[in-house]
Amino acid sequence: MKPIYVTQPYLPPLEEFIPYLEKIWENKILTNGGPFHQQLEQALCDYLGVKHVALFSNGTLALITALQALRVTGEVITTPYSFVATSHALHWHGNKPVFVDVESNTLNIDPAKIEAAITPQTTAIMPVHCYGNPCDTAAIQKIADNYNLRVIYDAAHAFGVQDAGGSVLRHGDLSILSFHATKVFNTFEGGAIICPDAKTKQRIDHLKNFGFVDEVTVVAPGINAKMSEINAAFGLLQLKHMPHVMQRRAEIDALYREKLQHVKGIHCLPQAGQTVANHSYFPVLVQPDYPLPRDAIYKKLKDHAIHARRYFYPLISDFPMYRGLPTAARANLHVAANASEQVLCLPIYPALTPDDQQRVIEIVLGA
Ligand SMILES: *Cc1c(COP(=O)(O)O)cnc(C)c1O
């Protein structure tokens, strides 16, 4: 049986990539902000509707560099319901993650619970637009303004997502994207920081290149997080195919919602707060009135070569390096813990055929 994975990277026809490679071979610029790097930054500004984009070699280094750029110290309020890199970035930058529970409708950090977690050591909030559903950005900003906190959005899932005011990436002090192979838009590996102004982008550009400002001047202990020309070239090509990618994702999302809407015990997570969605994931909650527990339907799918994933299980706060933190206690995080035990992300990617999707739906229906 042909395996079906939760996602599969979109690869444009190989022959379309050859001219980009020829260009690299011709001009022999492989990295350090070459022509494809510059072109992709501009193309992403246009596509996303943002002012400044700084490309990175991956999303995790973009998160760490964002913390360094804003000189974030001490404690950072964040969500346990995310990919582990969100907290790992805080750890690498010497910050202490402080976990706050999520809202049940979006599974994003619950703004109503943030204030109680603020201490004199708190300097920033790092929320996640989980599955590409926007956070309550207005409520988060209000708290940040009241307490003079920075806001860095882990927007790794939110490529192309818009709310009523435009790109969700405009919110907070900085937003971070990931272009990993598993994401909606990929450059094999890659990432970006969305910056509000040219000065911030310039500082970030220095930080991702060891802190070099010119040949002889180093202004900060920066890191090497530059995107190479080959990745940037692939991004430019991938961007041309985004209308098709987004359309297929929207169709798959709509079909799941239609076929699963009356299945007892299967709750499709609502899309709330976006005017343009990216359908980056298709999470369902397997509730107690479903005939099988979540792990049993997960296993049954697997037995039929369908590799759904339990994003996000376990919670970040349950991993050994974080579970000793006072805010990692279950009692503090029961909405997140409950979602983590019920969630299942179903396959969604442009090359998923209607027949493939039907196979997935039939197993969920027939349990
Ligand atoms: C993928 C992801 C990251 C990490 O991005 P990389 O490019 O793989 O380093 C960070 N946060 C979230 C929420 C992610 O899904």
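How many residues surround the ligand, and which are the closest? The legends below start with that site.

**Notes for all views.** This is a predicted model, in which local features need pLDDT of at least 70 and side-chain atom pairs count only at pLDDT 80 or more, while totals for chains, interfaces and linings use all residues. Residues are numbered from 1 along each chain as its sequence is written, and side-chain values use heavy atoms, with hydrogens and water left out.

**View 1. Residues around the ligand.** The ligand is surrounded by 14 residues, and the closest are Gly59, Thr60, Asp154, Ser178 and Lys183. A residue is near a molecule if one of its heavy atoms lies within 4 Å of it. Polar contacts (pairs of N or O atoms within 3.5 Å; within protein, one must be able to donate a hydrogen and the other to accept it, and residues adjacent in sequence count only if both atoms are side-chain atoms) are given next. A polar backbone atom of Gly59 is 2.8 Å from an oxygen atom of the ligand. From the side chain of His157, an N or O atom is 2.8 Å from an oxygen atom of the ligand. For Ser178, a polar side-chain atom lies 2.7 Å from an oxygen atom of the ligand.

**View 2. Helix 3 against helix 4.** Helices (H or I, at least four residues) and strands (E, at least two) are DSSP runs, numbered from the N terminus. Helix 3 (residues 59-69) and helix 4 (residues 85-92) have axes that come within 9 Å and cross at roughly 45°. Axes are lines fitted to C-alpha atoms, for helices over the stretch in contact, and angles run from 0 to 180 degrees between N-to-C directions. The angle therefore makes helix 3 oblique to helix 4. Angles under 35 degrees count as roughly parallel, over 145 as roughly antiparallel, 65 to 115 as roughly perpendicular and the rest as oblique. In contact (heavy atoms within 4.5 Å), Thr60, Leu63, Ile64 and Leu67 of helix 3 meet Ala85, Thr86, Ala89, Leu90 and Trp92 of helix 4. By class, the contact of helix 3 with helix 4 has seven nonpolar, two polar and no charged residues. Ala, Val, Leu, Ile, Met, Phe, Trp, Tyr, Cys and Pro count as nonpolar, Asp, Glu, Lys and Arg as charged, and the others, Gly among them, as polar.

**View 3. Helix 2 against helix 7.** The axes of helix 2 and helix 7 (residues 229-240) are 8 Å apart, and the helices pack at an angle of about 35°. Helix 2 contributes Pro35, Phe36, His37, Gln39, Leu40, Ala43, Leu44 and Tyr47 to the contact, and helix 7 contributes Glu229, Ala232, Ala233, Gly235, Leu236 and Leu239. These residues divide into 10 nonpolar, three polar and one charged.

**View 4. Helix 8 against helix 11.** Helix 8 (residues 242-260) packs against helix 11 (residues 354-365) at an angle of about 25°, with the axes 11 Å apart. Helix 8 is therefore roughly parallel to helix 11. Arg248, Ile252, Leu255, Tyr256, Lys259 and Leu260 of helix 8 meet Pro354, Gln357, Val360, Ile361, Val364 and Leu365 of helix 11. The contact of helix 8 with helix 11 has nine nonpolar, one polar and two charged residues.

**View 5. Cis peptide bonds at Tyr311-Phe312 and Tyr313-Pro314.** Tyr311 and Phe312 are joined by a cis peptide bond with omega of about 10°. Another cis peptide bond joins Tyr313 and Pro314, with omega of about -5°. Phe312 is in the loop between strand 15 (306-307) and helix 10 (334-342), and Pro314 is found in the loop between strand 15 and helix 10.
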